[in-house]
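Open the model in your viewer and keep the selection panel at hand. We will go stop by stop.

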Amino acid sequence: HAKLVEFHQTVASFRDKGWLRRRWEALAHGTTITALDKDIGVCLDRLRLSYQLAHDRRLTSLIEAQQTYKLEAAMRRRAEALADEQHVTPQYAALRLADDNAETTAVAREAGVADREL
């Protein structure tokens, strides 16, 4: 903030009489302006990185939500099919399927779940 105030004062001094003499002072403030420019660049880079991270986080959550939907849909289809075959409720069929590793693997592959998550 102090750098911005100092920069503003330097620019404003060019409107006053004797500005040419004060140009020497502006030369001395060149490092301040350079530092301010660098600080602005750093802030913009951080803002860009924050935006990219937020965007990546949103995409990741959308992908995970889509994967979860596919998995739940595949599980529901399999539970309903088993319920119809064995004349039981889908809830009971889901409990029976939970103990079957082969069914779990098949449903996960159908839904596109990575093997490392099994």
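Is Ile33 buried, exposed or partly exposed? Select Ile33: its relative accessible area is 34%, so it counts as partly exposed (buried is under 20%, exposed over 50%, partly exposed in between, with a 1.4 Å probe and protein chains only). Ile33 belongs to helix H3, residues 30–86 (helices are DSSP runs of H or I, at least four residues, numbered from the N terminus).

This is a predicted model, in which local features need pLDDT of at least 70, side-chain atom pairs count only at pLDDT 80 or more, and totals for chains, interfaces and linings use all residues. Residues are numbered from 1 along each chain as its sequence is written, and side-chain values use heavy atoms, leaving out hydrogens and water.

Now colour by pLDDT, the predictor's confidence in each residue, from 0 to 100. The protein averages 80, and 81% of the residues score at least 70.

Next, select helix H5, residues 101–111. Its buried residues are Glu103, Val107, Ala108 and Ala111. Look down the axis: these residues fall within an arc of 130 degrees, so they line one face of H5 (the arc is that of the directions from the helix axis to the C-beta atoms). Turn to the other side of H5, where Asn101, Ala102 and Arg109 are exposed.

Finish at the two ends. At the start of H5, a side-chain oxygen of Asp100 comes within 3.1 Å of the backbone nitrogen of Ala102. After H5 comes Gly112, with a positive phi near 80 degrees.

Note on methods
Helices (H or I, at least four residues) and strands (E, at least two) are DSSP runs, numbered from the N terminus. A polar contact is a pair of N or O atoms within 3.5 Å; within protein, one must be able to donate a hydrogen and the other to accept it, and residues adjacent in sequence count only if both atoms are side-chain atoms.
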